[in-house]
Amino acid sequence: MPCGPEVAAAMEEDELELAAGLETALELAPAVQAAIEQVFPSQDPLDRADFNAVEYINTVFPTEQSLANIDEVVNQIKLKIRRLDDSIRTVVRGQTNVGQDGRQALEEAQKAIQQLFGKIKDIKDKAEKSEQMVKEITRDIKQLDHAKRHLTTSITTLNHLHMLAGGVDSLEAMTRRRQYGEVANLLQGVVNVLEHFNKYMGIPQIRQLSERVKAAQNELGQQILADFEEAFPSQGTKVAWLDKIDRRYAWVKRQLVDYEEKYGRMFPPEWCMTERIAVEFCHVTRTELAKIMRTRAKEIEVKLLLFAIQRTTNFEGLLAKRFSGCTLADGTVKKPEVPPPSTNPFLEDEAGTETDEIVIEKSDTDKPKKPKVPDNPFHGIVSKCFEPHLYVYIESQDKNLGELIDRFVADFKAQGPPKPNMDEGGAVLPSCADLFVYYKKCMVQCSQLSTGEPMIALTTIFQKYLREYAWKILSGNLPKTTSSSGGLTITSLLKEKEGSEVAKFTLEELCLICSILSTAEYCLATTQQLEEKLKEKVDASLVERINLTGEMDTFSIVISNSIQLLVQDLDAACDPALTAMSKMQWQNVEHVGDQSPYVTSVILHIKQNVPIIRDNLASTRKYFTQFCIKFANSFIPKFINHLFKCKPISMVGAEQLLLDTHSLKMVLLDLPSIGSQVVRKAPASYTKIVVKGMTRAEMILKVVMAPHELPAVFVENYIKLLADFSTDTFQKILDMKGLKRSEQSSMLDLFRQRLPAPPSGVENTGSLSLSAPTPEQESSRIRKLEKLIKKRL
């Protein structure tokens with residue numbers, strides 16, 4: 001019966017809901033779906049989890065013509081549905097029988113478990129019965145084992161008791177008969193056996209045997225001491241004075257040899273009896289020597305004291321070679337530790353080469369150093385008694401060093417300064433090496449006597465005479481100058497007025513200054529090494545009190561003064577030429593020619609002095625570099641100051657001055673190697689100073705050459721070239737150009753307008769300099785004073 005449209009629509013809607021419900025019910029988890037695909041692989045699109053009906057229909061019916069066989073396709077799908085229904089029905093029915101079979105298998109497993117539990121219980125009961133039977137069987141065996149162990153212990157104890165009793169009887173009998181050789185072995189055995197009865201000391205018989213052994217030991221000790229006192233009768237203990245001390249050490253050496261020959265085999269080697277006798281002799285000798293030296297302290301002389309100390313330290317060294325030191329107070333012997341190689345230049349055999357000269361070279365630090373002598377365990381065992389009297393030695397060294405310095409002064413006056421030797425360079429004064437050789441000898445001697453307070457006292461003496469050497473020998477012999485660093489003296493002004501040059505150092509004086517500088521450098525380096533060596537020698541607790549920094553500073557001052565003298569000499573030699581430059585009529589120069597005569601004069605002085613100084617400072621290149629830097633820092637500001645005095649200057653005159661300035665700049669750049677066959681590049685620090693200073697001089701002349709018809713442009717060029725906002729410098733430039741006061745006034749107003757604003761809180765003084773005051777500004781007041789003096793003269 002056909003249905004209406006509403007019924008058909010309702011049925012279609014129900015079918016869609018049923019299809020949606022089926023799709024929802026058949027959605028599986030991804031893991032379950034993957035397992036199904038692995039167990040039942042299929043290529044059928046209907047079996048895919050992401051099956052799409054529309055896509056499947058489009059695949060089956062790709063075109064309209066393919067719809068002709070739609071009935072056949074529908075029949076195949078219906079057939080497949082029926083087959084799936086049959087398979088599902090078979091599986092469901094099969095699952096009904098599986099549940100019944102599972103319950104039956106579970107019941108059978110429970111019955112099997114009950115049977116197994118019963119068997120296990122039977123086995124456990126039988127095991128307990130077996131264990132009880134074993135215990136009953138072994139009870140008697142254990143009793144027999146305990147009885148055997150106790151019997152063995154009893155037999156062993158009885159044997160020990162028998163041995164102890166017999167040993168005690170034999171020990172007492174041998175002690176009475178003085179059979180020391182047999183007693184030595186027997187006593188050790190008895191003591192060992194007695195140790196087994198320590199837990200039986202509560203038994204009276206055992207305690208009695210122990211007391212008999214102790215009594216025998218005491219009696220044996222007293223008896224042996226009495227025998228030795230009888231065999232070695234004591235002699236007089238009189239101690240002779242220090243001049244006979246070597247005879248005392250010779251006597252004990254003979255006694256020790258005799259003892260070892262006659263009685264050495266009587267004592268076990270581990271007792272070290274010979275060493276014990278030697279140690280006791282040392283203790284007695286130290287005590288007696290201390291007493292007699294306190295009594296006769298006024299009679300102790302340096303030579304006698306050193307003689308006694310030398311003989312004593314030699315004897316202590318002999319003991320160290322012969323004995324190990326195991327019998328000393330702490331009973332232990334420390335193995336000497338070999339320190340790492342020393343970097344100290346004071347490296348030699350201190351005991352055998354005390355008078356060798358100290359040679360300090362740069363290559364010494366690369367050489368392998370000799371290891372320090374191992375410690376002597378007997379060091380100070382006797383010689384310690386001399387330490388309270390070492391003030392005699394210290395006072396003697398104070399006196400000797402004072403005489404040595406006086407001799408150095410006298411020799412210098414008698415022999416005069418060292419002769420110039422241009423081949424070897426500046427030589428170190430021989431007295432310097434002599435001084436440090438003597439220092440080394442004193443240090444070695446004192447360290448052998450004591451490493452305590454006497455070393456500190458000796459260091460103080462060293463400091464005193466290092467300063468005296470610096471002032472009396474070095475500074476005291478520097479040539480005197482007639483001019484100071486602050487300006488010219490009356491003498492130099494008179495000579496300048498008369499037209500003569502300022503007195504210069506002679507060749508010998510220049511070589512002497514270089515020699516003193518080299519000597520001061522040697523002393524500086526050697527003093528530093530001396531400080532390190534003293535710290536090695538002195539006790540660790542006193543190391544902080546060793547400080548020679550003040551003395552090293554003193555030698556640094558000598559070096560600085562020497563360099564300053566060389567700079568002042570060359571600087572003063574160039575002064576007349578610079579004065580001539582400032583007095584020339586630069587406004588009348590009509591053409592630019594070769595360098596001016598004053599430049600030739602400056603170059604001549606440089607070529608005369610610098611090679612001499614360089615050759616004499618060949619071994620101290622860094623101080624020659626300092627000389628060059630200090631000269632540049634002194635000459636260039638002075639040159640600029642004289643440049644400002646050249647006024648007025650014409651355009652041609654400014655060009656000539658610019659040429660002269662460039663010539664001086666080239667000479668100054670070449671100054672470190674001037675006149676040398678080996679041309680070396682000047683140090684960068686020196687080159688920087690010369691370039692900066694002389695470039696400023698060139699910029700000053702370029703500003704002078706700049707046209708001034710347009711004041712604003714001139715001021716702009718000035719600021720651009722010099723970058724100097726000082727009104728004093730700007731005023732000097734205007735004076736050099738020879739401008740009238742009216743012109744200068746307008747330009748100064750323009751210049752002040754260009755000045756940067758002063759910082760807040762700072763008063764505006766009308767000028768501001770971006771840099772520190774120049775040297776010419778610092779010396780302006782001194783120059784004004786010089787002019788005033790010249791006018792009055």
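1. Basis of the values. Because the model is predicted, local features need pLDDT of at least 70 and side-chain atom pairs count only at pLDDT 80 or more, while totals for chains, interfaces and linings use all residues. Residues are numbered from 1 along each chain as its sequence is written, and side-chain values use heavy atoms, with hydrogens and water left out.

2. Overall make-up. The chain has 24 helices and 0 strands, where helices (H or I, at least four residues) and strands (E, at least two) are DSSP runs numbered from the N terminus. Of its 793 residues, 35% are buried, a word that stands for under 20% relative accessible area, with exposed meaning over 50% and partly exposed in between (1.4 Å probe, protein chains only). The accessible surface comes to about 48,900 Å², and carbon and sulfur atoms hold 56% of it; such areas come from the Shrake-Rupley method with a 1.4 Å probe, and for residues only the protein chains shown count as cover.

3. Contacts along the chain. Among contacts (heavy atoms within 4.5 Å) with a separation of 6 or more, 80% join residues 24 or more positions apart.

4. Nonpolar cores. A nonpolar core is a set of buried Ala, Val, Leu, Ile, Met, Phe, Trp, Tyr and Cys residues joined through side-chain atoms within 4.5 Å. The largest has 150 residues, and Leu289 and Tyr469 have the most contacts inside it. Apart from neighbours within four places in sequence, Leu289 is in contact with Val239, Leu242, Ile245, Tyr249, Val382, Cys385 and Phe386. A second, separate core of 9 residues includes Leu164, Val193, Leu194 and Leu209.

5. Helix H5. Val193 and Leu194 are among the buried residues of H5, together with Val183, Leu187 and Val190. The helix covers residues 180-194, and its end C-alpha atoms are 20 Å apart, which agrees with the 21 Å that its 15 residues should span at 1.5 Å a residue; the expected span is 1.5 Å times one less than the number of residues.

6. A buried serine. Ser562 lies in helix H15 (residues 549-583) and is buried, with a relative accessible area of 0%. Not counting residues up to four places away in sequence, Ser562 touches Leu478, Ile513, Ile516 and Leu517.

7. Cysteines. The whole structure contains 0 disulfides, a disulfide being a pair of cysteine sulfur atoms within 2.5 Å. Cys514 is buried at 0% relative accessible area, yet the closest cysteine sulfur, in Cys511, is 6.5 Å from its own, too far for a bond. Cys282 also counts as buried, at 0% relative accessibility.

8. Salt bridges within helices. The structure holds 15 salt bridges, each a side-chain nitrogen of Lys or Arg within 4 Å of a carboxyl oxygen of Asp or Glu. In helix H4 (residues 70-177), Arg89 and Asp86 lie 3 residues apart, about one turn of the helix, and their side chains meet at 2.8 Å, N to O; Arg89 is partly exposed at 39%, as is Asp86 at 40%. Asp411 and Arg407 form a salt bridge with their closest N and O atoms 3.7 Å apart, and the two residues are separated by about one helical turn because they are 4 residues apart in helix H10 (residues 391-415).

9. A linked group. Asp169, Glu172 and Arg212 are joined in a network of salt bridges.
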